[in-house]
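Please look at the sequence and the 3D view first, then read the points grouped by topic below.

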Amino acid sequence: MILTSSEQTAAILTHKGENPELGYLLSKIQNVDLILTEGYKLADLPKFQILRKGYNEVPNCSSENLLGVICDFPYETELPVFDLNDPSDIVDFIVNYLQEKCMFNGTQKSRFWKQVGKVLGKKDLCCISVGC
C-alpha cells in the first residue's frame with residue numbers, strides 16, 4: 001500500500017513469517033529525526049510502556065530503558081506516568097527528552113544516542129519504542 005501527497009509518500013511493506021528485524025526496517029527510512037516504534041519491547045532502546053485497565057495493568061518490559069508509563073488508570077511508579085487520554089503531556093515530555101538527548105538547535109548528541117545510531121546504522125536518529 002502506498003499513501004502519497006504533494007510533499008511525501010509512505011509505503012506499507014508486506015512480508016511473510018515473522019516480523020522483520022528493527023535494524024532492517026530502520027535502514028529503509030531516510031531523512032527523519034525521530035522514529036516511534038510499536039512492538040519492539042525487547043529492543044535495547046528507550047521506551048514507554050502502555051498500560052490499559054482490564055487488559056495490561058502491569059509493565060511487561062525491562063525497566064532498564066523505560067522512560068515512563070502511559071496508562072488509562074491511576075498507576076504508581078518512580079517513573080513519569082502519563083494519562084493515555086491526554087497526549088499533550090506525553091508530547092511535552094518527548095520534546096524535552098529529545099532536546100536533552102539528541103541533536104537539536106545545534107547541540108551535540110549524547111554518547112548514548114550516538115551508540116543507538118551506530119547500532120541501528122543511523123547517525124542522526126532518535127528512536128523510542130512505544131508498546132503494550
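Which residues gather in a patch of negative charge on the surface? They are Asp 72, Asp 83, Asp 89 and Asp 92. The model is predicted, so local features need pLDDT of at least 70 and side-chain atom pairs count only at pLDDT 80 or more, while totals for chains, interfaces and linings use all residues. Residues are numbered from 1 along each chain as its sequence is written, and side-chain values use heavy atoms, with hydrogens and water left out.

**Overall make-up**

- The protein chain has three helices and seven strands; helices (H or I, at least four residues) and strands (E, at least two) are DSSP runs, numbered from the N terminus.
- Along the sequence, these elements follow the pattern β-β-α-β-β-β-β-α-α-β.
- Of the 132 residues in the protein chain, 33% are buried; buried means under 20% relative accessible area, exposed over 50%, and partly exposed in between, with a 1.4 Å probe and protein chains only.
- Contact means heavy atoms within 4.5 Å, and among contacts in the protein chain between residues at least 6 apart in sequence, 40% join residues at least 24 apart.

**Charges**

- The patch rule takes residues with over 30% relative accessible area and no salt bridge, joining like charges within 9 Å and nonpolar side chains (Val, Leu, Ile, Met, Phe, Trp, Tyr) within 5 Å.
- Lys and Arg count as positive and Asp and Glu as negative, while His and the chain ends are not counted; the place of a charge is NZ of Lys, CZ of Arg, CG of Asp or CD of Glu.
- Asp 89, one of the patch residues, lies in helix α2 (residues 87-101) and is partly exposed, with a relative accessible area of 39%.
- A search of the whole structure finds one salt bridge, that is, a side-chain nitrogen of Lys or Arg within 4 Å of a carboxyl oxygen of Asp or Glu.
- Glu 57 forms a salt bridge with Lys 53, and the closest N and O atoms are 4.0 Å apart.
- Side chains of opposite charge can pair when their charged atoms come close.
- Glu 57 is partly exposed at 33% relative accessibility, whereas Lys 53 is exposed at 56%.

**The loop between β4 and β5**

- Asn 56 sits in the loop between β4 (47-51) and β5 (66-71), and this residue is buried, with a relative accessible area of 10%.
- Asn 56 and Cys 71 are 15 residues apart in sequence, and their C-alpha atoms are 9.4 Å apart in space.
- Asn 65 is also placed in the loop between β4 and β5 and counts as buried at 16% relative accessibility.
- Leaving out residues up to four places away in sequence, Asn 65 touches Asp 44, Leu 45, Pro 46 and Lys 47.

- Tyr 97 is found in helix α2 and is buried at 12% relative accessibility.
- Tyr 97 and Leu 67 are 30 residues apart along the chain, with 9.2 Å between their C-alpha atoms.
- Ile 94 lies in helix α2 and is buried at 13% relative accessibility.
- Ile 94 and Leu 67 are 27 residues apart along the chain, with 9.4 Å between their C-alpha atoms.

Note on methods
Accessible areas come from the Shrake-Rupley method with a 1.4 Å probe; for residues, only the protein chains shown count as cover.
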